Amino acid sequence: MGLEEGKDSSFTKPTQQSRVLPLRLLQFFVVFTVLGVGFTILSMNMTSQFGGIQNVVYNGGRIQSCEEESPSLDRWIKPPTKLMHKMSDEELFWRASFVPRVKELPFKRVPKIAFMFLTRGPLPLSPLWEKFLKGHEGLYSIFIHSLPSYRDDFRLDSVFYGRQIPSKLTEWGAISLCDAERRLLANALLDISNERFVLVSESCIPIHNFTVVYQYLMESKHSFIQIVDDPGPYGRGRYNQSMAPDITLEQWRKGSQWFEVNRQLAINIVEDVTFYPLFNEFCKPDCYVDEHYFPTMLQVQAPHLLANRSVTWVDWSRGGAHPARFGKSDITEDFLKRMLDSSCYYNGQPSNVCQLFARKFAPNALEPLLQLAPKILGF
């Protein structure tokens, strides 16, 4: 009886340890609850202060905010803030070939002229261009394709500062020159406001004021690229029959490298995958790609959009493989007036304004050009 009573007593009577354990569990639960409530309140405060907690995604090896990737009209209509990028030519041409299908724009677009400088290095005549462009901000943009190793030293306030694009080596008469021109066009197309595209070199100058040039190009029904059907050895004589049937002898054309095109034709040039391989394979010296590729392609695709002349004046009267070059001693009032004296057709009507630019001018021609520009050239 006593033994049984002792056994029952030890089983039912609470020990000190059994009383402490539930108390500690209760304390832990209370602390955990308080911390959870506090963290929730803190998170709510941070959310209201910083505009919400952003979701993140993993993209290309870096964490991005989903809010950062949200669609925005500005993403499509604002030009790139920096021209240097890491896109390959294939990626660049693909991106530049985007064309809006809805023609009615949901924003105000001010069309611009893209001046594309194809040069090896410095722009010695840039002060004249600066004078020409002054006061017309928002109506033009500048793109420079130079030697990859060249770094300009333009002032921070220069219109040419930071306007170099990713470039590659070029060779006279080779497909690499056309690659550079397509690269310039593609980078310029990334700015949706660019409507007219002018290819110039470091030896080119404007020969009318900006207002005349802008109105002339924007109101033109045509693009200005020379299209010549030359039956001689330097025209049809350079044709390779292996280009048929995509390019026939009757379609073969020749023209000046220095052109001006509208946005539609610029996209045609950038997106081309038909003509480029043929010229790359079958147009070798003495066939010079830059003289035949664009004239032939555009003559086949859109002859009704071409004025069949250039807007860049050049003097071939001295003979030879290259045009005349003009230095300091050549720049006089009479010379500039003779250069401006011309006649042509513009939008189907006779005009005495035919060329807007001129080449080739040596660096030492800058000083007299700056002096005579206000009186003769109008800027």
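I looked up Glu 195 in this predicted model and noted that Glu 195 is partly exposed, with a relative accessible area of 23%. Its partner is Arg 109, and I found the two joined in a salt bridge whose closest N and O atoms are 2.8 Å apart. Glu 195 sits in strand 5 (residues 194-201), whereas Arg 109 belongs to the loop between helix 4 (89-96) and strand 3 (112-118), so this pair ties together parts that lie 86 residues apart in sequence. For Arg 109 I wrote down a relative accessibility of 23%, which counts as partly exposed.

Next I turned to Asp 229, which forms a salt bridge with Arg 253, with 3.9 Å between the closest N and O atoms. Both residues are in the loop between helix 7 (210-218) and strand 7 (260-262), and the pair, 24 residues apart, links distant parts of the chain. Is Arg 253 buried or exposed? I found 13% relative accessibility for Arg 253, and because buried means under 20%, Arg 253 counts as buried. Asp 229, at 35% relative accessibility, counts as partly exposed.

I then noted a network in which salt bridges with shared partners join Asp 89, Lys 168 and Arg 183.

My last pair was Asp 74 and Lys 78, whose side chains meet in a salt bridge at 3.9 Å, N to O. Asp 74 has a relative accessibility of 40% and counts as partly exposed, while Lys 78, at 52%, counts as exposed because the cut-off for that word is over 50%.

To close the page, I recorded the total from a search of the whole structure, which finds 13 salt bridges.

How values were computed. Residues numbered from 1 in each chain as written. Predicted model: local features only at pLDDT ≥ 70, side-chain atom pairs only at ≥ 80, totals over all residues. Heavy atoms only, no water. Salt bridge = Lys/Arg side-chain N within 4 Å of Asp/Glu carboxyl O. Buried < 20%, exposed > 50% of the residue type's maximum accessible area, 1.4 Å probe, protein only. Helix = DSSP H or I, 4+ residues; strand = E, 2+ residues; numbered from the N terminus.
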